[in-house]
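Subject: Structure handover

Hello,

Here is the structure I said I would pass on. My notes on what was found in it follow below.

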Amino acid sequence: MKNSLDTGVTKGKVVTAVLSKDLKIEMRSRVVTNQVLPFAGLVMVMFAFALDNDDVLQRVAGGLVWLATLFSLFIIVQRSFAIDTQDGALDSLRVAGIDLSAVFFGKAIALALKLIALEIVLICGAVLLYRVDLTASGLVLLVTCVLCATSGLAFVGILYGGLTAGAKGRETLLPLLLLPVVAPVLIAATRATEAAFGSGGAQTSEGWAWIGLLTVFTAVFGVSGSLAFGSLIDE
Amino acid sequence: MSQVSQETSPTGTRATQAIGVLALAVMAWVVASGLLLTPQDVVQGESVRIMYVHVPSAWIAYLAFVFTAVASAGWLISKKHSMGFDRFAGASAEVGVMFMAITLITGSLWGRLTWGEFWQWDPRLTTTAFLFVTYIGYLAVRRLEGSVEQRARRSAVVALLAVLEIPLVHFSVVLWRSLHQGATVLNPNGDVKMDDLMLFTLFSGVVGFTLVFIWLVLHRQRTMLLVDVADNQGLDLAIVARRAEGPAN
């Protein structure tokens, strides 16, 4: 597989390089573990304060997990691109003559891995704090839901993160652009998670229809993101 | 290009004047007929008159967003990347957001009178609200700093992404819940269940609002051109002024 310019670097190598760069930055800075995780955990506790009812919390636990994930998504995406735009690092990638769709996938996979780590903690938090039950079949559904929803969120996050990277007022613009786009993920992932948790008497089997929607979303934004990312970060 | 910098530069032409006059005439008829001539509805009473504003403005909002997407695709596809496409996309989105706001306001007023609620979590309403927010985001992207080409490229991509996003949002909300009144005029069987004058007034509204839309977009894209030209001239004048200062010490 050759990339668009004759740099002799394959797409796979670019994906791996960008992925390991983003993960190395996280390993050294520990922003997700030291700042975003405690933030998401606090959001979960704040929900409990606001709703103040065990039955209600158990019923809406799925939605709360995904809302906390969305809030964290904004912070992680901002952080990821803030580092990339510092000292023109993103510009260097852009003029390196490499396939920018590979940069997109590298960054998206790194973001997805960070989000999955976060979601595992949040789901454990929901089981402990909101006292939800998880059966074996529910767990299979939940794992599938987490994988599909997170891939979709990562693609959209990197796509719009690239668009607002380096722009003035990006902190406020990113949520404005992202929230309407990720609404289908919030709806579908929440319903699937509620089915997995059995919230409000929901059956596990009811959750699988939502996985289909999540897969379509992920495919649509994976393809369009790889096509559009290059022109969005282009100066 | 330099003549356009005069502060008296008009954005109107013979054609836009004719469209403006026609739009005014049609709108005057819609107001008269909608408020005075048409009968009240058997079930909805006087509140049915909101429909003469609500339905045309919803139609125009959707038309505007389709037009924005088409113009954006035009900019991306055209080899010359003509800025005309970009200006039409931006102007149409601005007008679309305004009509979408009118749609949401008139819709919730009608909902209060008919359903007893300002808001219902119905798929069509929810999708419309999301569309509104999405295009507010699109307008924010247009205001990001950068060159005219950057603005055009970014906003064209965002407009096309919105086209992908809206069906997904709509479909997910449909799965979520549904209770909107079925389509009355464009029902699949083709038999329209409405008084003739009411129907005529409604279609006049659609025509009138379409004319207003065309008039606004034409003017707005010309003011956008003037803004771009003024920006370029500001830079040119600054360079000339700097040169006149003589060599730097």
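A crossing of two helices is called left-handed if the near helix is turned anticlockwise from the far one by less than a right angle, and right-handed if clockwise. By that rule, α1(B) and α6(B) make a left-handed crossing. Please keep in mind throughout that this is a predicted model.

Chain B, α1 and α6

The axes of α1(B), residues 14-37, and α6(B) come within 8 Å and cross at roughly 150°. Angles over 145 degrees count as roughly antiparallel, so α1(B) is roughly antiparallel to α6(B). On the α1(B) side, the residues that meet the other helix include B:Thr16, B:Ile19, B:Gly20, B:Trp29 and B:Leu37. On the α6(B) side, B:Leu197, B:Gly205, B:Gly208, B:Trp215 and B:His219 are among them. Sorted by class, the residues of this contact are 15 nonpolar and nine polar, with no charged ones.

Helix α6(B) itself runs over residues 196-244 and has 49 residues. From its first C-alpha to its last it reaches 71 Å, close to the 72 Å expected at 1.5 Å a residue. Just after α6(B), B:Gly246 takes a positive phi of about 85°.

Chain B, α3 and α5

A second pair in chain B is α3(B), residues 83-114, with α5(B); their axes come within 10 Å and cross at roughly 55°. That angle makes α3(B) oblique to α5(B). This crossing, too, is left-handed. From α3(B), the contact is made by B:Met83, B:Asp86, B:Ala89 and B:Gly90. From α5(B) come B:Val148, B:Ala152, B:Ser155, B:Ala156 and B:Ala159. By class, the contact has six nonpolar, two polar and one charged residues.

Where the chains meet

Between the chains, 21 residues of chain B are in contact with 21 residues of chain A. Which elements of chain B give two or more residues to the side that touches chain A? They are α4(B), residues 123-142, and α5(B), residues 148-176. Helix α5(B) gives the most, with 13 residues. By class, this side of chain B has 13 nonpolar, four polar and four charged residues.

Chain A

Chain A has eight helices and zero strands. The C-alpha trace of chain A spans about 60 × 30 × 30 Å along its principal axes. A compact globule of 235 residues would have a radius of gyration near 18 Å, and the 18 Å of chain A agrees with that.

One helix pair in chain A is α5(A), residues 100-129, with α8(A), residues 208-233. Their axes come within 8 Å and cross at roughly 105°, which makes α5(A) roughly perpendicular to α8(A). Helix α5(A) brings A:Leu100, A:Ser101, A:Phe104 and A:Phe105 to the contact. Helix α8(A) brings A:Gly225, A:Ser226, A:Phe229, A:Gly230 and A:Ile233. These residues divide into five nonpolar, four polar and no charged.

The 30 residues of α5(A) should span 44 Å at 1.5 Å a residue, and the end C-alpha atoms of α5(A) are 42 Å apart, which agrees. Just after α5(A), A:Arg131 takes a positive phi of about 55°.

Regards

Note on methods
Residues numbered from 1 in each chain as written. Chains lettered and ligands numbered in written order. Predicted model: local features only at pLDDT ≥ 70, side-chain atom pairs only at ≥ 80, totals over all residues. Contact = placed C-beta atoms within 7 Å. Helix = DSSP H or I, 4+ residues; strand = E, 2+ residues; numbered from the N terminus. Nonpolar A, V, L, I, M, F, W, Y, C, P; charged D, E, K, R; others polar. Axes fitted to C-alpha atoms, helices over the stretch in contact; angles between N-to-C directions. Parallel < 35°, antiparallel > 145°, perpendicular 65-115°, else oblique. Expected span 1.5 Å × (residues − 1). Rg over C-alpha atoms; globule rule 2.2 N^0.38 Å.
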